Amino acid sequence: MSYLYFFPIPVYFFIGAVLSIFLPKGFIKSIFVTLVPVIALVAFIYGDYTNGLKVQFLDLELDFMRVDKLSTVFAIIFCIASCLGNIFAFHLRDTMQPFIALVYAGAAIGAVFAGDLVTLFVYWEVTAISSVFLIWARGTEGSYHAGMRYLIIQVLSGVVLLYGIALFYHDNNSIEFSRMELGSLSSYLIFLAFGIKCAFPLLHNWLQDSYPSATITGTVILSAFTTKLAVYALARGFAGTEILIYIGAIMTVFPIFFAEVENDLRKVLAYSLNNQLGFMVVGIGIGTELALNGTAAHAFSHILYKALLFMSVGAVLLRTGTSRASELGGLYRTMPLTAIFCLIGAASISAFPLFSGFISKSLIMSGAGKEHYQFIWLVLVFASAGVLSHSGIKVPFFAFFHHDSGKRPREAPLNMLIAMGLTAFLCVYIGINPGHLYSLLPYEVKYNPYTLEHILTQLQLLCFAILAFYVLYKFKQLPSEERGVNLDFDWTYRKLLPSIINILVRILSNFEVGVLKFFKTVISAFVYGVYSLSGPDSITTRIWTSGTMVLCIAIVLLVVLGIILI
Amino acid sequence: MQLNFFKYFEKPSRLKVVLLVFFLLCGVLFCADFLIERHVYFDVEAYSNFYSVYGFVMFSIIIFGSRVLRFFLMRKENYYDKKAVDSEEYSEGDIN
Amino acid sequence: MASEIKQTVLHLSDHLPILQVVVPMLIAPIIVIFNNRLIAWLLSFFGTIICLIISVALMWATADGSVLTYFLGGWVPPVGIEYRIDAANSILLFLISVISVIVMFFSSNALISEVPKEKHTLFYACFLLCLTGLLGVVATADIFNVFVFLEISSLSTYVLVAQGSYVDRRALSASFNYLIMGTIGATFFVIGIGFIYMATGSLNMMDISERALELGNNRTIQAGFAFIIVGMGLKLAMVPLHIWLPNAYSFAPTVVTCFLAATATKVALYVLIRFVFSVFNYQYGFVSEIFLFLLMPLGIIAMIVGSVIAIFKQNLKKLLAYSSLAQIGYMVLGLSLLSEKGLSASLVHMVNHGFTKAALFMALGAFIINTKNPYLSSIKGLGKAMPLTSAAFVVGGLSLIGVPGTAGFISKWLLIEAVLEAGYWVVAVAILVSSLFAVIYIWKIVEVLYFNEKPENHGELSFYLVSPIWILALFCIFLGLNTGLTVDIANMAAEILF
C-alpha cells in the first residue's frame with residue numbers, strides 16, 4: 001500500500017472530484033463524495049510525508065507536502081469539514097456542486113501543505129476560482145453579480161500575492177514559505193493578499209456579500225475553508241507581527257454591531273465569522289506558543305460550530321424559503337431537532353463551559369493576558385459578550401423562538417439532521433475532552449480550561465449578558481427586526497465608486513465633446529489623437545492606406561538612424 | 001410527531017420556573033465571586049464581580065450602539081440593485 | 001574538397017540541417033505536378049512530419065550546447081553558404097515543424113469551408129513554400145540567404161492571406177497592404193545587408209562579427225543596423241509597424257492565421273536576435289541605445305495598447321490579433337533587456353505563445369466553421385454546444401493570461417524575473433497590468449461562451465477538427481508543467497548567444 005502514500009493529499013480530492021462527474025447522480029454519488037475526504041484523511045494519517053514532496057520546477061524548489069503540526073491540524077479539520085459539508089449536501093442531485101466542493105476542499109488542503117510560495121499561490125487561486133461556482137450555483141441574477149464581486153476580490157488577492165512573491169523571490173532568491181518580517185514591499189504585498197482573504201477590516205465585505213448569496217449547502221462549505229486558509233497563512237508567515245493584534249481587535253469589535261442590526265440570519269453569521277476571525281488574528285499577532293495554539297484550536301472548533309450554525313439556518317431556509325429574522329420565529333414547534341442543534345452551535349460559539357468555544361478561545365484570551373495587553377484583553381472580553389449577543393442569542397432566538405411567525409415547516413431532511421448531529425457531537429465532545437484537540441496543536445499545551453475560577457468568570461460574563469438581554473427585551477429596547485440592508489464598507493465600491501465613475505464618465509464625455517469641438521475648429525488633425533485610445537474604428541485599429549503606413553515606416557527609420565548616428 | 005422537548009416549556013408557568021432558575025443562577029454566580037479567590041492578569045479584573053458588571057454593561061452598549069448604527073445605515077433591501085440577493089423571495093423548498 | 005563530399009554522402013544524419021529546409025521545398029513542385037487534392041494533402045502532411053522528425057533530431061543533437069554546421073555544396077565559408085544549427089534555432093525549427101504538422105492535420109477538414117476545392121493543391125504548395133522559407137531563415141547562417149528565404153516565405157504568405165477572399169473580399173486589400181509593407185521591410189533589410197557587405201565584404205554571420213570587431217565604430221555598419229531593425233520590425237509587427245498584422249490575420253483563412261500567428265512573427269524576431277547577438281556585437285553602444293530607448297518603450301506600449309484594443313474588439317479574430325501584438329511586446333521587451341535571462345524569457349515566450357495562440361486561433365476557427373462569422377455575438381452558448389472545443393479555448397485563454405500550470409505562466413514568470421533582475425519595477429507592474437487586461441478580454445469571450453443558452457443548430461465538430469486543437473491545448477499545459485523542453489534549451493541558447 002505504501003506507494004499510495006506518494007500522492008499529495010489534495011490529489012485524492014481532485015481525483016475524487018473528477019470521478020464524481022461520471023457517477024450517476026443520486027445515492028452512489030453522494031456516498032462517494034462523502035467518503036473522499038475520509039479516504040484522504042486516512043491516507044494522510046497512515047502516510048509518510050516526513051520528507052515532504054519536493055519537485056524541481058524551473059529554478060524553484062516546490063514542496064507539495066510540508067507536514068508539520070501547524071499544517072496537520074488545519075488539514076485534519078479541513079478534511080472533517082469537507083466530509084460534514086458533503087453529508088449536509090447529500091440530498092443534492094447536481095453534477096457541479098459536489099465536484100466543486102471537492103476541488104475547493106482539496107485546493108484549501110493543498111495550500112495548507114504548500115511548503116513554498118508558488119504552490120501556495122496556485123492553490124490560493126484555485127480556491128478562489130472553484131468556490132465562486134458555489135455562489136453561482138444559486139442561479140439568480142443577484143447571485144451572479146455577488147459571485148462576480150467575490151471572484152474579482154479573490155483573484156485580486158491572488159494577483160497581489162503573485163506580485164509579492166515575485167518581489168520576494170527577487171529579494172531573497174528563495175520561495176520558501178516560512179516566517180517573514182513586515183518591512184520590504186514584498187512582505188507588505190503578501191501580507192495584504194493574506195489580509196484580503198482573511199477579511200481584514202475594510203477588506204472584509206466580500207465575506208458578508210458572498211456567503212449569504214451562495215446556495216444553502218454552498219454556504220456551509222464556503223464558511224470552512226477560505227478564511228481559515230488565510231488564518232493559516234498568517235500564522236505561518238506573520239506570527240508575532242504586532243500590528244495583527246490591533247487589526248484583529250478591530251475585527252472582533254465592529255462586526256458585532258453590524259450583526260446585531262442585520263436581518264438576514266446568514267449575514268448575521270457571516271459578520272459573526274468575521275468577528276471570530278478577529279480572535280484568531282489577535283492570537284497570531286501575539287505570537288507566543290500559547291496564543292498560536294489558541295489560534296489553531298480556535299480555527300478548529302470555529303469551523304465546526306460555524307458550520308453547525310450555517311447548517312441549522314440553512315435547514316430553516318430550505319424549509320421556509322427565507323432566512324430573514326423578520327419573517328421567522330417560533331419554529332421550535334415543528335423543527336425541534338434543528339433548534340437543539342442550533343442551540344448547541346450557539347452555546348459553542350458563545351464559549352459556554354463544556355462546549356468547544358470555551359476551550360479554544362480561552363487559550364487566546366490568556367495568551368493576551370500573559371503578555372499584558374490589557375486594552376486588547378478588555379476588547380476581547382467585550383467581543384465575547386458581543387458573540388453571545390448575535391450568534392448566541394439572536395440567531396436561535398429569532399429563528400426558533402420569539403413570537404410565532406405562523407410558519408409550520410417540516411423538520412429538516414434526514415441527511416441534514418445527521419450532518420448537524422455529527423457536528424454538534426463534535427462540538428460537545430471537544431468541549432468535554434479538550435485533551436484530544438490540544439494534543440494536535442502546534443506546541444505543547446500546559447493549560448487547563450476547567451478551573452473553578454475560569455468557569456465562574458465565564459458564566460458570570462455570559463449569564464449577566466443574558467440577563468441584560470432579558471431586561472432589554474422586557475423593556476422593548478432590542479433593535480426590531482425589519483427588512484432592509486445595512487450599509488457597510490462595500491457601499492464604497494457598490495454605490496460610491498459606480499456613481500463617481502458615472503459622474504466622471506459624464507464629465508469626461510462632456511469634456512471630450514468640448515475638446516473635440518475645439519480641436520475640430522482649430523487643428524482637425526489632432527482629433528485623431530483624442531480618438532486613438534477609444535477602441536474600434538480609431539486610428540490604431542482601422543485599415544490604413546499604404547501611404548500612411550509608409551510614412552510611419554519612414555519616421556521610425558529616421559528615429560532609429562537618429563539614435564544611432566547622433 | 002416526535003417528542004418535543006421545547007413544547008414542555010410552552011406553558012407560561014413552566015417558563016416562569018425556568019426564568020426563576022436562571023435568576024437564581026445569576027444570584028449564585030454573583031455571590032460566589034466573593035467566595036472564590038481569583039487569579040488575575042490585570043488590576044481591573046480584580047474588582048469583585050468585574051465579569052458580571054462588564055458583561056451586563058457591555059451587552060447593553062452593544063444593543064444601544066447597534067440601534068444608533070441602524071439609524072444611519074439602514075436602507076431598503078433593493079438599495080444596491082433591484083435584483084440583489086437581499087431582496088430575493090422564495091417559498092418552501094424552491095431555493096437550492 | 002571532393003573527399004569531404006564523399007564522406008558526407010555516407011551519413012544521412014550529417015545532412016539534416018539542409019534536409020530540414022529542402023524537404024518541403026522539393027515536395028511543393030511535386031504536388032503541383034500531380035494536381036490532385038488528396039495526394040497534395042497526403043504529401044504535404046508527410047513532408048511536414050519529416051520536417052518534424054528532422055527538427056527533433058536536430059534539437060536532440062544540439063540540446064547539449066553543441067553547434068552543427070553544414071557547408072552547402074561543400075563550399076567553405078565565407079565564400080560558401082553555411083547552415084548553422086544551435087540550441088537557439090533548433091527550438092524554433094521544432095516550433096515551426098510541430099505547428100505545421102498540427103495545422104496540416106487540421107486543414108484536412110477545415111480548409112474546405114474557406115477555400116474552394118480546386119485551389120487546394122496550389123494552397124498546399126504555397127504553404128510548403130512558406131514553411132520552407134521560415135525554416136530556411138532560421139537554419140541559415142548567411143545573411144543574404146536569410147533575405148532569400150524571408151522573401152520565399154513572405155511571397156507565399158501574401159498568396160495564402162489572399163485566399164481568404166473567397167469568404168471576405170477584404171482579404172485582397174489586406175494581403176495587398178501586407179505585400180507593400182512586407183516588401184518595404186524586405187527592401188530595408190536588403191539595404192541593411194548591402195551596407196554590411198560594403199563595410200565588411202562578407203555575408204557569413206560569424207565572419208561579419210569578427211570583421212566588424214576589427215572595424216570598430218563604423219558608420220556604415222551602424223546605418224545597416226538601423227535598416228535591419230526597421231525591416232525586421234516591420235516583419236515582426238513591432239508597434240508602430242504593426243498595421244498590416246490585424247487585417248492580415250483576421251481576413252486570412254483560419255489555417256493560415258494559425259500557422260502565421262504561431263510562427264511568422266517569431267521567425268522575424270529570431271532574425272533580429274541573431275543579428276543582434278551573432279552579427280553585431282550587442283555590447284556596442286549603439287545597439288544597447290536602440291534597445292533601451294526604442295525597443296523597450298515600444299515593447300511596453302505594444303503590451304498595454306494591444307491588450308486595451310483587444311478588450312474593445314468584437315471581431316474575435318481581430319481580438320486575438322491584437323493580443324498577439326501585445327505578446328510580441330513581451331518578447332521584444334525580454335530581448336531589449338539585453339540580459340541572458342531576458343533573452344531566455346523571450347525565447348521561451350516565443351515557443352509558448354506559438355502554441356497558445358495557435359490553440360486559440362484553431363479553436364476560434366472551429367467556432368467559425370459552425371457559425372460562419374467571427375463575431376463575439378455569434379458564439380453565444382457554444383460552451384454547451386461544443387464543450388470540447390470550448391474547453392480547449394479556455395485552456396488556451398488561461399495560458400494567454402499566464403495562469404500557473406500553463407505555458408504562459410512560465411514565460412511570464414521568467415520575464416518578470418528578468419525585468420526585476422534589471423531593476424525595472426515599473427515594467428514588471430506593466431506586465432501584470434497587461435495580464436489583467438488579458439483576463440478581461442479572455443473572460444469576455446468565456447462569459448459569452450458559457451453564460452448563454454445553448455444554441456439549437458450547432459454541435460461538436462468531428463474528431464479530425466477537435467483533436468489537433470486539443471493537441472495544442474495539451475501542449476499549453478505540458479509546457480506549463482514540464483519546463484525541460486523549453487526553459488533548459490532556451491537557457492542553453494541564451495548562454496551560447498551571449
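Me: How many cavities of 30 Å³ or more does the structure hold?
Reply: The structure, which is a predicted model, holds twelve cavities of 30 Å³ or more. A cavity is a set of points on a 1 Å grid over the protein atoms alone where a 1.4 Å probe fits but cannot get out, a pocket is an open set with protein on both sides within 12 Å along at least five of seven lines, and lining residues have an atom within 4 Å of a point.

Me: How much space lies in the largest cavity, and which residues lie nearest its centre?
Reply: The largest cavity has about 270 Å³ of space, a volume being the space filled by probe spheres set on grid points joined across faces, edges and corners. Its lining has 26 residues, and those nearest the centre are Arg138(A), Asp264(A), Arg324(A), Val85(B) and Asp86(B).

Me: And how does that lining of the largest cavity divide by class?
Reply: The lining of the largest cavity has twelve charged residues, seven polar and seven nonpolar; Asp, Glu, Lys and Arg count as charged, Ala, Val, Leu, Ile, Met, Phe, Trp, Tyr, Cys and Pro as nonpolar, and the others, Gly among them, as polar. Helix 6 (141–172), helix 8 (205–210) and helix 11 (265–286) of chain A each give at least two residues to this lining, helices being DSSP runs of H or I with at least four residues, numbered from the N terminus.

Me: What about the second largest pocket, what volume does that have?
Reply: The volume of the second largest pocket is about 1500 Å³, and among its 36 lining residues Phe397(A), Phe401(A), Leu15(B), Val18(B) and Leu19(B) are the closest to its centre.

Me: Which helix gives the largest share of the lining of that second largest pocket?
Reply: Helix 1 of chain B does, with eight residues, and by class the lining of this pocket has 28 nonpolar, five polar and three charged residues.

Me: Switching to the chains, which pair has the most contacts?
Reply: Of the two pairs of chains that touch, A and B have the most contacts, a contact being heavy atoms within 4.5 Å. Chains B and C are not joined by any contact, and their closest C-alpha atoms lie 18 Å apart.

Me: How do helix 5 and helix 11 of chain C cross?
Reply: The axes of helix 5 (residues 120–139) and helix 11 (residues 254–279) of chain C come within 9 Å and cross at roughly 25 degrees. The two helices are therefore roughly parallel to each other. Among the residues that meet are Phe123(C), Phe127(C) and Leu131(C) from helix 5 and Phe259(C), Val267(C) and Tyr270(C) from helix 11, and the contact as a whole has 13 nonpolar residues, one polar and no charged ones.

Me: And how does helix 6 of chain C cross helix 11?
Reply: The axes of helix 6 (residues 143–162) and helix 11 of chain C come within 12 Å and cross at roughly 165 degrees. Helix 6 and helix 11 of chain C are therefore roughly antiparallel. Axes are lines fitted to C-alpha atoms over the stretch in contact, with angles from 0 to 180 degrees between N-to-C directions, and under 35 degrees counts as roughly parallel, over 145 as roughly antiparallel.

Me: Last one: is the Val239(C) to Pro240(C) peptide bond cis or trans?
Reply: The bond from Val239(C) to Pro240(C) is cis, with omega near 0 degrees, and Pro240(C) sits in the loop between helix 9 (219–235) and helix 10 (244–251) of chain C. In that loop between helix 9 and helix 10 lies Ala237(C), which has a positive phi of about 60 degrees although it is not a glycine.

Me: What numbering and limits apply?
Reply: Residues are numbered from 1 along each chain as its sequence is written, while chains are lettered from A and ligands numbered from 1 in the order in which they are written. Local features need pLDDT of at least 70 and side-chain atom pairs count only at pLDDT 80 or more, whereas totals for chains, interfaces and linings use all residues, and side-chain values use heavy atoms, with hydrogens and water left out.

Terms used: Parallel < 35°, antiparallel > 145°, perpendicular 65-115°, else oblique.
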